[in-house]
Amino acid sequence: MSALLEVKGLTRYYGALKAVDDITFSLPAGTILGFIGPNGAGKSTTMRIIATLDVPTSGEVLLDGKSLVARPDQARPLLGYMPDRYGTYDDMTVFEFLDFFARAYRLRGNERKARVDSVMDFTGLMPLKDKLTSELSKGMKQRVALGRTLLHDPKLLILDEPADGLDPRARIELRELLRALASQGKAVLISSHILTELSEICDTCAIIEQGHLLATGTVQEVLSRTSNAAAFSEVELTLWAGAGMPLEEIARKTERLLLEQPLVTNVSVLNNALRFRLELAVGATPASGWVEEASVRVLKVLVNAEIPVTSFRTREHDLEDAFMSVTKGRVQ
Amino acid sequence: MTVLSASERFVESVGPIVVKEVRQGLRAKVFAIFFGSLLVVCLSMALVAVAQATEAAGTAFGKDFFGGYLTALGAVTFFVIPFVAFRSMVRELEDETWVLLTLTGLGANSIVRGKWVSAMSQALLFGSACAPFVLFSYFLNGIDIVQVVTALVLATGWSALLTSIGVAVATQAQSKLGRTIAHFVVLGLLGLGTMAGIAFAWVIAEEGHRLVTNDAFRNFAIGAGVFSWGLTWLMLESAAAGLALPSEAASRGPRIAYVIVGLLGLAFGLAVFLLEKGRPKDAVAGQVITSFFFTIAGAFCVSEADGWPRQAATGSWLKPGAARSFWLAVVMLFLSALMWGLLIGDYTVSNDGNADGRAFRGTMAAFAFPTLYLSLGVLMGRLTPLRHLSEPVATRVGFILSVVVGVVASMALSLVFEGSARGREMNALNPLVGLFNFIDRSGSELNSAIVLLGAVTLMAVFLAAVVLHARDEVRSS
């Protein structure tokens, strides 16, 4: 699939500070890319450059083949940007707000009315069209902001922390809206701190830290790459309470046994369950399948000691683990 | 249906910002309060006027009530409207909605002009509420229609200028602290502007027909009117440049306005000097005034950050960058000094042939002082590694600080070494006392003082230019 957005060697200095360092990635139409990184990692700077609000010190950004560094005016009609602050006017109704921005996008007469109606319909704002934006909940304000970015039917949507501060329901609704937009062929670049949220929304992800792009690819690629390379894994096991021995005693015995095993750390007991971490020594290189091998060894010890284990599972690697794994040793 | 579609067509033709601002402005409490108050005040004054006219028929009350109506209208259009425009722009910056507007393709110019036009539309609404009362004062005798028209035209120009200043100051303050300071600056400027405007309105009302038919006053009114609209243009261009994104080359507008308004000012000064058969001291006064304009407008309207966006890397004088904006201010200051110097020379040749040393020195000093202190402002920011100190706002603060230090230190040194705060030698670099000394006093020490001032200025300009060019290249590479 050809890329709608291509970012090549993007670098941005602020004085002596290198906020973005040689970032390269691409985003095809119809896909959602999650931009992951802690505060100050360079996410917002990168997004602002792509949104033509800032200029790179070096590097190139092509949107639909056009350089948005050289000609930002030509790129703007193709992109919609939603900053972390929604930027609504409190003394305007939802309709007035969208109508005003539609005018600003030079939509005229019936075309404008049709477009505003269609956006309100898509974002579910029609019942609220006469409500002042100041009277809306955060989730609804966010919909208004999303609606504003859709007015001119852009090919690329840049959403900076759109899920921040939203309740679970609003997040689910946002996810559905973004999925619908991607299915319409729009490319979506989205940043968030909530990594579990992103893994459910995104097709691809890019992990950035201290201005460096540490990993990029489809979510599955990044997960499989990082899970193989991870130096730790979380494990949970449950015990059977009817084994003729008090549960507390079994749990204590299990905990003792686990702590005697190499690579086992962070053991915690919770009723009939125990959680622990299998973790390689600092500096050790993770070999392929080391988690499975260590798990089998631990389980064997427990079975030999007649511990009544009813379940034993390693927690599935998610984006949060991937992020921690990739940034390990680099987080300040 | 026809009327409706005509109004719709009109709304479509007006920019979206104007529609939004007028809609928001008319909805705001501040509009209702001040509109209502203005009507009540005007109505009360009209009732008093009717009562007085009934009691003393034939007496001319017109000018007092005319002045009263202009005061009420001036308070709103010189202060409230510009401040509302300032607040509206500040809110746009605080909520970062201007960024979203820029992305629509509207551009900084449309946003700034939209704010200004909507503020002026509101001023027009206030004016139309007050207009019947102003006309009513004409029927109270004592003023004529020329006075009414002159006062209203000048008041419109003054309100337009103050509103553009409000909008421009708002766009220059990017940080929270900057915005707080900007509030005080705007309140101060608008307060002074309102007082000056109202005082001038009373002068027109009191001096009556005699003043508005006076040739000198007519020349002044035309000059002031044209210049105030020119300044309004410059302010709006500079506001748009302040609002522009880093990805936009925003230097073109303010630089063109700066040059055209400056040249217009010089041409007006030249015309007045020749028509009024000016003397060297008038030329020095002209040089001080035009230098003041080029310095303040140079520091606040065309000073820029280092470097330029890549898409603006072509072109010559209109290419952005601090070095070019600095050179532009210096060149305009030099042109001003050259013109006034030539006029003094011409006067000297065509009269007794003896050169007026004080006039030449004064003209040179009025060029050298602003050039020196603009250079020092630049150097203060650019010679440190701190990025924030090289921002335009820091350069302005550096310029003001260096002027204050220059004045205070020179006077202190003069007091110690020459026994007087107005000493000739120690105040050679004092932009205040030194300038007065060069213009007003004589003595051979002043010849060496002007040479010292010239040498220091040349050195400062050279250093500032070197630093600015180097940083422009670094930021743009």
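Reader: In which helix of chain B does B:Val146 lie?
Author: The model is predicted: local features need pLDDT of at least 70, side-chain atom pairs count only at pLDDT 80 or more, and totals for chains, interfaces and linings use all residues. Residues are numbered from 1 along each chain as its sequence is written, chains are lettered from A and ligands numbered from 1 in the order in which they are written, and side-chain values use heavy atoms, leaving out hydrogens and water. Helices (H or I, at least four residues) and strands (E, at least two) are DSSP runs, numbered from the N terminus. B:Val146 lies in helix 7 of chain B.

Reader: Which helix of chain B gives the most to the nonpolar patch?
Author: The patch consists of B:Leu135, B:Tyr138, B:Phe139, B:Ile145, B:Val146, B:Val149 and B:Val153, with about 640 Å² of accessible area together. Two elements of chain B give two or more residues each: helix 6 (107-138) and helix 7 (145-172). Patch members have over 30% relative accessible area and no salt bridge; nonpolar side chains (Val, Leu, Ile, Met, Phe, Trp, Tyr) are joined within 5 Å, like charges within 9 Å. With four residues, the leading contributor is helix 7.

Reader: How many salt bridges are there over all chains?
Author: A salt bridge is a side-chain nitrogen of Lys or Arg within 4 Å of a carboxyl oxygen of Asp or Glu. Over all chains, the count by this rule is 25.

Reader: How far apart in sequence are the parts that A:Glu236 and A:Arg313 tie together?
Author: These two form a salt bridge, with the closest N and O atoms 3.7 Å apart. A:Glu236 is in strand 11 (residues 232-239) of chain A and A:Arg313 in strand 14 (residues 309-314) of chain A, so the pair links parts separated in sequence by 77 residues.

Reader: In which helix of chain A do both A:Arg169 and A:Glu173 lie?
Author: A:Arg169 forms a salt bridge with A:Glu173, the closest N and O atoms being 3.4 Å apart. A:Arg169 is exposed at 62%, while A:Glu173 is partly exposed at 21%. They sit four residues apart, about one turn, in helix 6 (residues 168-183).

Reader: How far apart are the C-alpha centres of the two domains of chain A?
Author: Domain bounds come from an automatic or database domain assignment. For chain A it gives domain 1 (3-216) and domain 2 (231-316). Their C-alpha centres are separated by 44 Å.

Reader: How many residues of domain 2 of chain B are in contact with domain 1?
Author: Chain B splits into domain 1 (18-244) and domain 2 (246-477). Their C-alpha centres lie 32 Å apart. Contact means heavy atoms within 4.5 Å. Domain 1 gives 14 residues to the contact, and domain 2 gives 18.

Reader: Which residues does A:Asp99 touch, not counting those up to four places away in sequence?
Author: A:Asp99 is in helix 3 (residues 94-104) of chain A. Its relative accessibility is 5%, so A:Asp99 counts as buried. Beyond four places in sequence, A:Asp99 touches A:Arg112 and A:Val116.

Terms used: Buried means under 20% relative accessible area, exposed over 50%, partly exposed in between (1.4 Å probe, protein chains only). Accessible areas come from the Shrake-Rupley method with a 1.4 Å probe; for residues, only the protein chains shown count as cover.
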